[in-house]
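Here is a short briefing on one protein chain. Please look over the sequence and the structure first; the notes follow.

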Amino acid sequence: MKVVNLRGEPASIDGNPDLVDQLEELLHRARAGSITAMGMAVVNIDGSVATRWSGGDQTIPMVAAISMLHYEFLNGVGARA
C-alpha cells in the first residue's frame with residue numbers, strides 16, 4: 001500500500017521561484033528603507049509552521065495588514081490557479 005499526500009508535494013521541492021522572487025523583492029525594499037515593519041507566516045518542508053515579525057513600534061498598521069491577509073486567505077483573494 002502506497003501512502004499519498006493529498007495536498008501534493010510542497011512547492012519548495014520544485015524550488016518555489018515565486019517565493020524566492022517575493023523574498024528578494026522584499027529584501028530589496030527593506031534595504032532601501034521603504035518597508036518599516038513586516039510579519040511573516042511560513043510553512044516548512046515538514047509541514048510545521050512558524051511566524052516572525054519585525055518593526056514592533058508599528059502595532060496598529062501591522063494588525064491591519066495581518067487582518068487584510070487573513071481576509072484574503074479566507075476569501076481566495078489573489079488565489080493562485
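β1 and β2 form a hairpin, with 5 residues between the two strands. In the turn, G47 has a positive phi of about 90 degrees. The model is predicted. Along the sequence, the chain reads α-β-β-α, with 2 helices and 2 strands.

**The hairpin**

- Strand β1 covers residues 38-43, and strand β2 covers residues 49-54.
- The two strands pair in the antiparallel sense, over 6 bridges.
- A41 stands opposite T51 in β2.
- V43 stands opposite V49, again in β2.
- Is β2 buried or in the open? Of its 6 residues, the number buried is 0, so β2 lies largely in the open.

**The helices**

- Helix α1 runs over residues 17-32, which makes 16 residues.
- From first C-alpha to last, α1 reaches 22 Å, close to the 22 Å expected at 1.5 Å a residue.
- Just after α1 comes G33, with a positive phi of about 85 degrees.
- Helix α2 takes in residues 59-75, 17 residues in total.
- At 1.5 Å a residue, α2 should span 24 Å. The end C-alpha atoms of α2 are 24 Å apart, which agrees.
- Just after α2 sits G76, where phi is positive at about 70 degrees.

**M38, a residue of β1**

- M38 is found in strand β1.
- Its relative accessible area is 25%. Buried means under 20% and exposed means over 50%, so M38 counts as partly exposed.
- Which residues does M38 touch, not counting those up to four places away in sequence? They are L26, R52, W53, S54 and M62.
- M38 and R52 are 14 residues apart along the chain. Their C-alpha atoms are separated by 8.4 Å.

- T36 lies in the loop between α1 and β1.
- Relative accessibility at T36 is 58%. The cut-off for exposed is over 50%, so T36 counts as exposed.
- Leaving aside neighbours within four places in sequence, T36 is in contact with G55 and Q58.
- T36 and D57 are 21 residues apart along the chain. Between their C-alpha atoms the separation is 9.2 Å.

**The chain as a whole**

- How many of the 81 residues count as buried, as a percentage? The figure is 5%.
- The chain exposes about 7400 Å². Carbon and sulfur atoms supply 60% of that area.
- Take the contacts between residues at least 6 apart in sequence. Of these, 21% join residues at least 24 apart.

Definitions and conventions:
Residues numbered from 1 in each chain as written. Predicted model: local features only at pLDDT ≥ 70, side-chain atom pairs only at ≥ 80, totals over all residues. Heavy atoms only, no water. Helix = DSSP H or I, 4+ residues; strand = E, 2+ residues; numbered from the N terminus. Buried < 20%, exposed > 50% of the residue type's maximum accessible area, 1.4 Å probe, protein only. Contact = heavy atoms within 4.5 Å. Areas by Shrake-Rupley, 256 points an atom, 1.4 Å probe, with all protein chains shown as cover. Expected span 1.5 Å × (residues − 1). Pairing = 2+ DSSP bridges.
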